[in-house]
Amino acid sequence: MLENLIFSINTALPIFLVMLIGWGLKYKRIINDSFIQTANTLVFYVALPIKLFYDVSQSTLIEAFDIRLILFLTGAMTGGAAIAWIIGKKIVQDPAQLGAFVHGAFRGNFLYIGFSLMENITGSIGTKTPIAVAFMVPLFNILAVVILTAARTEDRRRGYVRKAATAIIRNPLILAIMAGAVVSFLPLEIPLVMTRAMSHISSLTTPLALIAIGASFVLKESIRNLKPVLFASGIKLILLPLATVWLALLAGFSGEDIILVYILFGVPTSTASYIMTAAMQGDGELAANIIMITTALSVFTMTAFVFAFKTMGII
């Protein structure tokens, strides 16, 4: 039992410590908001796409593609958003807050924190993860647009939905996965000099992303709108991961698939939820607070879930 607890702490705590370093660097003014913005841009447009491209290009897509798992994740994600909406309607009345509440309660930061946690658990992001990402990233954005436009006036919806659809099509992560898929089917071998260069760049992804997330944390902002923040955090970190992992166990998915399900549903709220919420005239402050609190609390919930997985023999 103690060995399992130590394994769990060693898996989740390093993620929090790197984020804490980011907060400390910002507090000491070693880095600033300009650095954070640049780091996020570098991760989203360069490091992470290269990592996804390489992982997909080196995988056997026919073996990695699991239609049953994809259908399960799609249904669970849509259902999770619906549950967050139903609970949100009882917690908040302001349409701007409702959109921020629901978005923050179901959209997880699996690309940065999730990938880091999976690497700590298994040593890699797995063969199925990039394929799942190819389906989940568009679904996240589609659900977000539907939720955030539901309470807005029709003239605001029309223009933004068109822009959001264009952004989904041009998403660098999706494009990288598609390019990697094409390369994986071709009888080509990527030159060693290219693979090593991609390895160096992709290694920036996790530490740079975690430092930027930690540097974005502002403690005094997290106490505002405490009730909806705590409810959204409870949905994100406890309710949805418990429900989806339980259903995945009942469905007989493998240990690696169970971990992937948890990664997609149990990690803290994505920073993208703030960006999209603010852009669509939602409550940006509430969105930011949900990100901050879920990130802070996730060190405890992730440790608890990993401990449970280890004890149950899933990992």
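## Model and confidence

This is a predicted model, in which local features need pLDDT of at least 70, side-chain atom pairs count only at pLDDT 80 or more, and totals for chains, interfaces and linings use all residues. Residues are numbered from 1 along each chain as its sequence is written, and side-chain values use heavy atoms, without hydrogens and water.

The protein chain has an average pLDDT (the predictor's confidence in each residue, from 0 to 100) of 79, and 83% of the residues score at least 70. By element, mean pLDDT is lowest in helix 3 (residues 61-64), at 56, and highest in helix 12 (residues 226-250), at 93. Helices are DSSP runs of H or I with at least four residues, numbered from the N terminus.

## M77

M77 belongs to helix 4 (residues 67-91). Its relative accessible area is 1%, so M77 is buried (under 20% relative accessible area, 1.4 Å probe, protein chains only).

Beyond neighbours within four places in sequence, M77 has contacts (heavy atoms within 4.5 Å) with F106, M136, L139, F140, L143, L264 and F265. T244 is 167 residues from M77 in sequence, with a C-alpha to C-alpha separation of 9.0 Å.

## Helix 13

Helix 13 (residues 255-266) spans 16 Å from first to last C-alpha over 12 residues, close to the expected 16 Å (1.5 Å times one less than the number of residues). Of its 12 residues, 10 are buried, including D257, Y262 and G266.

Not counting residues up to four places away in sequence, F110 touches F115, V133, M136, V137, F140, I263, L264 and V267.

Methods. Helix = DSSP H or I, 4+ residues; strand = E, 2+ residues; numbered from the N terminus. Buried < 20%, exposed > 50% of the residue type's maximum accessible area, 1.4 Å probe, protein only.
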